[in-house]
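Subject: Structure for your review

Dear colleague,

Please find below the structure that I am handing over to you.

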Amino acid sequence: MSKIAAVILCLLTLLSSGCSFALIETPIGETLSIKEKRAFEGNWLTNDGELLRITIGSNGELVAGGIEFNEDKNKFTAKTHKFVTRKVGDVSYFYFRMKKHGYLFFRVESEDEDTLELFTADIEKFGQSVESGELDGKILKRGKDKDKSDVILSVADPSSTDSKLYQILAAKDRNDWFEEESVTYHRFKRN
């Protein structure tokens, strides 16, 4: 299983205790308009056959839902996740609220209106930048043996376009800040 698929699997199954994440304390960027959010609505399918439905909830947040099979219990379970959408420069991001320490974020790219590519942050690159002081944040060791590390990114003013983190997220090129591999979704039905 690819690194990004494992991260998304951890997110969708809420097994965050077994995965390492790059998180941000508060989403940064401009809130998307309802019209911009509607571009993400629909039924989406990965190349591996995983189904995801995205719709706009009553409060204007995007809501994603999918079905997961639990082999131990021999049954399917529905999963629902609300997420925040922002535009940092010209780049869209999905921010998923985690139970602790902030938001998991995905860079969103698309070849056309019926394709979504989600890229996860490169945990090692962001971690090294926090350790060196290039970016504000902290490294959180956790797990039974403290063998897992999360990178918690922070910015003094989430609305500022001057921070180093904003500049990284707004860059047209992913450079080495995001994993090269993405999870690609293809829309097969609009809402």
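How many salt bridges does the count come to? The count comes to nine. Please bear in mind throughout that this is a predicted model.

**Overall composition**

The chain contains four helices and 12 strands. Of its 191 residues, 45% count as buried. Among contacts with a separation of 6 or more, 58% are between residues 24 or more positions apart. The chain exposes about 10800 Å², and carbon and sulfur atoms supply 46% of that area.

**Salt bridges**

One of the salt bridges is formed by Arg107 and Glu109, whose closest N and O atoms are 2.8 Å apart. Arg107 is buried, because its relative accessible area is 1%, and the cut-off for that class is under 20%.

Glu109 also meets Arg174 in a salt bridge, at 2.7 Å from N to O. This pair links distant parts of the chain, since Glu109 belongs to strand S8 and Arg174 to the loop between H4 and S12, 65 residues apart. With a relative accessibility of 24%, Arg174 counts as partly exposed.

A further salt bridge joins Arg187 to Asp114, with 2.8 Å between the closest N and O atoms. Here too distant parts of the chain are linked: Arg187 is in strand S12, Asp114 is in the loop between S8 and S9, and 73 residues separate the two. Arg187 counts as buried at 9% relative accessibility, whereas Asp114 is partly exposed at 30%. Through salt bridges that share partners, Glu113, Asp114, Arg187 and Arg190 are joined into one network.

**Strand pairing around S12**

Which strands pair with S12 over four bridges in the antiparallel sense? One of them is S3 (residues 42-46), which pairs with S12 (residues 183-189) in that sense over four bridges; in this pairing Thr46 stands opposite Tyr185 of S12. The other pairing is with S9 (residues 115-120), which runs antiparallel to S12 and is likewise joined to it by four bridges. There, Glu117 stands opposite Thr184 of S12.

**Nonpolar cores and a surface patch**

The largest nonpolar core has 25 residues. Those with the most contacts inside it are Ile28, Tyr95, Phe105, Phe126, Leu153, Leu165 and Leu169. At least two residues of this core come from each of the following elements: strand S1 (22-24), S6, S7, S8, helix H3 (123-132), strand S11 (148-153) and helix H4 (164-170). The element that gives the most is H4, with five residues.

Phe105 illustrates how these segments meet. Apart from its neighbours within four places in sequence, Phe105 is in contact with Ala22, Leu23, Ile24, Tyr93, Phe94, Tyr95, Phe119, Ala121, Phe126, Leu153, Leu169 and Phe178. A second, separate core has 23 residues, including Leu32, Phe40, Ile152 and Tyr185.

Leu45 lies in strand S3 and is partly exposed, with a relative accessible area of 32%.

**Backbone points to inspect**

Most residues other than glycine have a negative phi. Where do residues other than glycine with a positive phi lie? Asn74, with a phi of about 55°, is placed in the loop between strand S5 (62-70) and strand S6 (75-88). Asn74 is exposed, because its relative accessible area is 60% and that class begins over 50%.

His101 has a phi near 75°, which is also positive in a residue other than glycine. Its place is the loop between strand S7 (91-97) and strand S8 (103-109). At 34% relative accessibility, His101 counts as partly exposed.

With kind regards

Methods. Residues are numbered from 1 along each chain as its sequence is written. This is a predicted model: local features need pLDDT of at least 70, side-chain atom pairs count only at pLDDT 80 or more; totals for chains, interfaces and linings use all residues. Side-chain values use heavy atoms; hydrogens and water are left out. Buried means under 20% relative accessible area, exposed over 50%, partly exposed in between (1.4 Å probe, protein chains only). Two strands pair if DSSP finds at least two bridges between them. A nonpolar core is a set of buried Ala, Val, Leu, Ile, Met, Phe, Trp, Tyr and Cys residues joined through side-chain atoms within 4.5 Å. Contact means heavy atoms within 4.5 Å. Accessible areas come from the Shrake-Rupley method with a 1.4 Å probe; for residues, only the protein chains shown count as cover. A salt bridge is a side-chain nitrogen of Lys or Arg within 4 Å of a carboxyl oxygen of Asp or Glu.
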